[in-house]
Amino acid sequence: MKIGIVDYGAGNISSVKRMLRNLAIDQVMLPKPTKEKLDGIILPGVGSFGWAMNKLSTSGMDEFLKSEFESGRKIFGICLGLQLFYEHSQEEEGKYGLGILKGTVKKLESKELKLKVPNIGFGSVDFGINSKTNFYYAHSFYVCPEDTSSVVASTVFGGKAFPAVIKSGSFMGVQFHPELSGDTGEKLFKDFIEGRA
Amino acid sequence: MATAGLSLESIMSIRKIARLDIKRPYLIKGYHMEGLKKLGAPETFAGEYSRNGIDEVFYVDHVASLYGMKPDLHLIHKVCGAIKVPLIVAGGIDSLECAHEVFTAGADVVAINTHAIHRPALIREISNEYGSQSTTVHIDAKLQKNGWWECYTHGGREHTGREVKDWMLEAISHGAGQIILSSVDKDGLMSGLDFELIEILHSSCSVPFVVSSGIGERKHLNALGNMAVDGIAVGAALHYKKINIIELSR
């Protein structure tokens, strides 16, 4: 099994590489599109919405991700990597995201919530059927998908529920960081890539 | 057990962070940030804490700024490889390029003190590129004779003339997404947190607020009461096994 990690050229993806190493899954960095047949692609969350979109469009990775999604390739988006799949973000008004999924990205507002922004720490993710698991969050934004049936799990912070896990076709996106969530995080990714989640 | 106003929910939601003070390549511990004692390989301790359920690891290179050294990227990479939780790295980060190297080596969050006080624009530079959630400002404070708390740099050695609350608010305005507070007076003593210091800052910190220095036993946390503290960093008490992670999480 081999997974490609989208490389924005920015750095902090060591923990994603570590997760794959721990799972004994081969990995290849993707600074630009590839013809190699991969078992899946990880879109990690690095930097800000506008900055990351600029990097993706300069390298041609934006079109690559769209065509890979359409071809049914498994794609796993982490944090900003999930947010980039949508059309717009309050982080950078007027900047288009990948727009593969319909919906927007909104800022967590600390005023209305008992919540500090950025929201950092472990949160309980509710998968329904008595299944709650803790995953690590570090974010200031969350996704608001048009297709609410794509939300397969949510989390409550400061009295507000927001989507934690999105599934749409061959795409799974998570607002938390499985690569920073111990064995539970590694298991979630393994389940996804092996078709169990 | 009396919980002195700290509700179960607020104890559960406080992040538990293992603090590793480094004098490369060793994990060390001192008193008042001096008189440093070698304890062993940081990656060994970090790996054990990660397996036992710590929420995060805070790596502090104690001598980088003091001796004008660059962060030890090789050692950061080793510690990163030994854990499965977020790694916060502090010590000697003096530019965006340097932060980039530290992220590439394995940090999920960088924490800056000395070089942020000298050039506050560094906070914004890192925060713009990596996001505020990855940009922490680390404050070392020490009580002065006439009753004010001064920020110190260079591993708790150099005066700055900056008052602690004034600097904290400025750091947040420059884009810091988290504050980690250490007390030079309480460091390594395991005699309890510096509550007077925490009291001054907690309610005006609009970003996550992590307190460090002085935790020696579980009951020291009870005294946090209803203070707005989002995380605790524990060093010596974990290394010397005076407290364990399960106890912290309860």
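# Briefing on a predicted two-chain model

A:P118 is placed in the loop between β6 (103–107) and β7 (119–126) of chain A, and a cis peptide bond with an omega of about 0° joins this proline to A:V117.

**Overall build of the chains**

- Chain A holds 5 helices and 12 strands, while the secondary structure of chain B comes to 11 helices and 12 strands.
- For chain A, with its 197 residues, a compact globule would have a radius of gyration near 16 Å, and the chain has 16 Å, so the value agrees with that expectation.
- For chain B, with its 250 residues, the corresponding globule would have a radius of gyration near 18 Å, and the 16 Å of the chain agrees with this.
- Taken along the principal axes, the C-alpha trace of chain A spans about 45 × 40 × 30 Å, and the C-alpha atoms of chain B fill a box of roughly 50 × 40 × 35 Å.
- Of the 197 residues in chain A, 56% count as buried, and in chain B buried residues make up 60% of the 250.
- When contacts with a separation of 6 or more are considered, residues 24 or more positions apart account for 65% of them in chain A, and for 65% of them in chain B.

**Strand β7 of chain B and its partners**

- Strand β7 (residues 135–143) of chain B is mostly covered, since 7 of its 9 residues are buried.
- Strand β6 (residues 109–112) of chain B pairs with β7(B) in the parallel sense over 3 bridges, and within this pairing B:A111 has B:T136 of β7(B) as its bridge partner.
- Strand β10 (residues 178–183) of chain B also pairs with β7(B) in the parallel sense, here over 6 bridges, and the bridge partner of B:V137 in β10(B) is B:I179.
- Strand β8 (residues 149–153) of chain B runs antiparallel to β7(B) and is joined to it by 4 bridges, with B:K142 standing opposite B:E150 in β8(B).
- β7(B) and β8(B) form a hairpin with 5 residues between them, and B:G147 in the turn has a positive phi of about 85°.

**Aromatic rings**

- Over all chains the count comes to 15 aromatic pairs.
- Because A:Y137 lies in strand β8 (residues 132–139) of chain A and A:F176 in the loop between β12 (171–174) and α5 (182–193) of that chain, the pair ties together parts that are 39 residues apart in sequence.
- A:Y137 counts as buried at 0% relative accessibility, and A:F176 is likewise buried, with a relative accessible area of 0%.
- In chain B, B:F103 and B:Y130 form a stacked aromatic pair, at 4.0 Å centre to centre and with 25° between the planes.
- One aromatic cluster is formed by A:F127, A:F135, A:Y137, A:Y142, A:F157, A:F162 and A:F176.
- A:K107 lies over the face of A:F141, at 5.3 Å from the ring centre.

**A buried histidine in chain B**

- B:H62 is placed in the loop between β4 (56–61) and α3 (73–82) of chain B, and with a relative accessible area of 5% this histidine is buried.
- The side chain of B:H62 makes a polar contact with the side chain of B:D21, at 2.7 Å.

- Most residues other than glycine have a negative phi, and most peptide bonds are trans.
- A cis peptide bond joins B:R24 and B:P25, with an omega of about 0°, and B:P25 is found in the loop between β1 (15–23) and β2 (26–31) of chain B.
- A:A24 has a positive phi near 55° although it is not a glycine; this alanine is found in the loop between α1 (14–22) and β2 (26–30) of chain A, and at 69% relative accessibility A:A24 counts as exposed.
- B:M190, also not a glycine, has a positive phi of about 60°; it is placed in the loop between β10 and α8 (195–201) of chain B, and with a relative accessible area of 18% B:M190 is buried.

Conventions: Residues are numbered from 1 along each chain as its sequence is written. Chains are lettered from A and ligands numbered from 1 in the order in which they are written. This is a predicted model: local features need pLDDT of at least 70, side-chain atom pairs count only at pLDDT 80 or more; totals for chains, interfaces and linings use all residues. Side-chain values use heavy atoms; hydrogens and water are left out. Buried means under 20% relative accessible area, exposed over 50%, partly exposed in between (1.4 Å probe, protein chains only). Helices (H or I, at least four residues) and strands (E, at least two) are DSSP runs, numbered from the N terminus. Two strands pair if DSSP finds at least two bridges between them. Rings of Phe, Tyr and Trp (its six-membered ring) pair if their centres lie within 6.5 Å; planes under 30 degrees apart count as stacked, over 60 as edge-to-face and the rest as tilted. A charge sits over a ring if NZ of Lys or CZ of Arg is within 6 Å of the ring centre and within 35 degrees of the ring normal. A polar contact is a pair of N or O atoms within 3.5 Å; within protein, one must be able to donate a hydrogen and the other to accept it, and residues adjacent in sequence count only if both atoms are side-chain atoms. The radius of gyration is taken over C-alpha atoms; the globule rule is 2.2 Å times the number of residues to the power 0.38. Contact means heavy atoms within 4.5 Å.
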